[in-house]
Amino acid sequence: GEELVLGPFQGGPACVRIAPGKGVCGAAFASGETLVVDDVLEFPGHIACDPRSRSEVVVPLRAGDSIVGVLDVDSPITDRFGPDDVQWLEVLAGDFCRLQFG
């Protein structure tokens, strides 16, 4: 559709809908690129769904050529996500999409 809608999640209360290009999730959705933010307080337009979040990695979920969602992982620790984390989250996202969308 035209916005991201919160699906299953683990953690505290979160936003329910995010427009493409808005916040870290919307930016990853719009660009189709994985985003790693070492300190979300420095990300222009960050949406504070969980005030404890300090770093974030967002991986687009693809069905063919379409972005159908994002995998969003937050941490209360700045600089939490490194290249190994990103690699494995991208593998997980890819495997999930192959199982769901073929």
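A polar contact is a pair of N or O atoms within 3.5 Å; within protein, one atom must be able to donate a hydrogen and the other to accept it, and residues adjacent in sequence count only if both atoms are side-chain atoms. The structure is a predicted model, in which local features need pLDDT of at least 70 and side-chain atom pairs count only at pLDDT 80 or more, while totals for chains, interfaces and linings use all residues. Residues are numbered from 1 along each chain as its sequence is written, and side-chain values use heavy atoms, with hydrogens and water left out.

**View 1. Asp39 and its polar contact with Arg54.** The side chains of Asp39 and Arg54 make a polar contact at 2.9 Å. Asp39 belongs to the loop between strand 3 and strand 4; helices (H or I, at least four residues) and strands (E, at least two) are DSSP runs, numbered from the N terminus. With a relative accessible area of 17%, Asp39 is buried. Buried means under 20% relative accessible area, exposed means over 50%, and partly exposed lies in between (1.4 Å probe, protein chains only). When residues up to four places away in sequence are not counted, Asp39 touches Arg54 and Thr78, a contact being heavy atoms within 4.5 Å.

**View 2. Asp38 and Asp79, two loop residues.** Asp38 is placed in the loop between strand 3 and strand 4, and Asp79 in the loop between strand 5 and helix 2. Asp38 is partly exposed, at 39% relative accessible area, whereas Asp79 counts as exposed at 53%. Not counting residues up to four places away in sequence, Asp38 touches Arg54, Ser55, Thr78, Asp79 and Phe81. Asp79 is not a glycine, yet has a positive phi of about 55 degrees. Most residues other than glycine have a negative phi.

**View 3. Helix 1 and its buried residues.** Helix 1 spans residues 23-31, and Gly23, Val24, Cys25, Gly26, Ala28 and Phe29 within it are buried. These buried residues pack against strand 1 (4-5), strand 2 (17-18), strand 3 (35-37), strand 4 (55-63) and strand 5. Just after the helix, Gly32 takes a positive phi of about 75 degrees.

**View 4. The largest nonpolar core.** A nonpolar core is a set of buried Ala, Val, Leu, Ile, Met, Phe, Trp, Tyr and Cys residues joined through side-chain atoms within 4.5 Å. The largest has ten residues: Leu4, Ile18, Val24, Cys25, Ala28, Phe29, Val37, Val40, Val58 and Ile67. Helix 1 supplies the largest share of this core, four residues. Another core, of eight residues, lies apart from it and includes Val57, Leu61, Leu89 and Cys97. Beyond its neighbours within four places in sequence, Ile67 is in contact with Phe29, Gly32, Pro60, Leu61 and Arg62. In soluble globular proteins, nonpolar side chains tend to be buried together.

View 5. A salt bridge is a side-chain nitrogen of Lys or Arg within 4 Å of a carboxyl oxygen of Asp or Glu, and the whole structure holds five. Because Arg17 lies in strand 2 and Glu3 in the segment before strand 1, the pair ties together parts that are 14 residues apart in sequence. Arg17 is exposed, with a relative accessible area of 52%, while Glu3 is partly exposed at 35%.

**View 6. The salt bridge of Asp95 and Arg98 in helix 2.** The closest N and O atoms of this pair are 2.5 Å apart. Asp95 and Arg98 are three residues apart in helix 2 (residues 83-101), so about one helical turn separates them. Asp95 is partly exposed, with a relative accessible area of 36%, and Arg98 counts as exposed at 53%.
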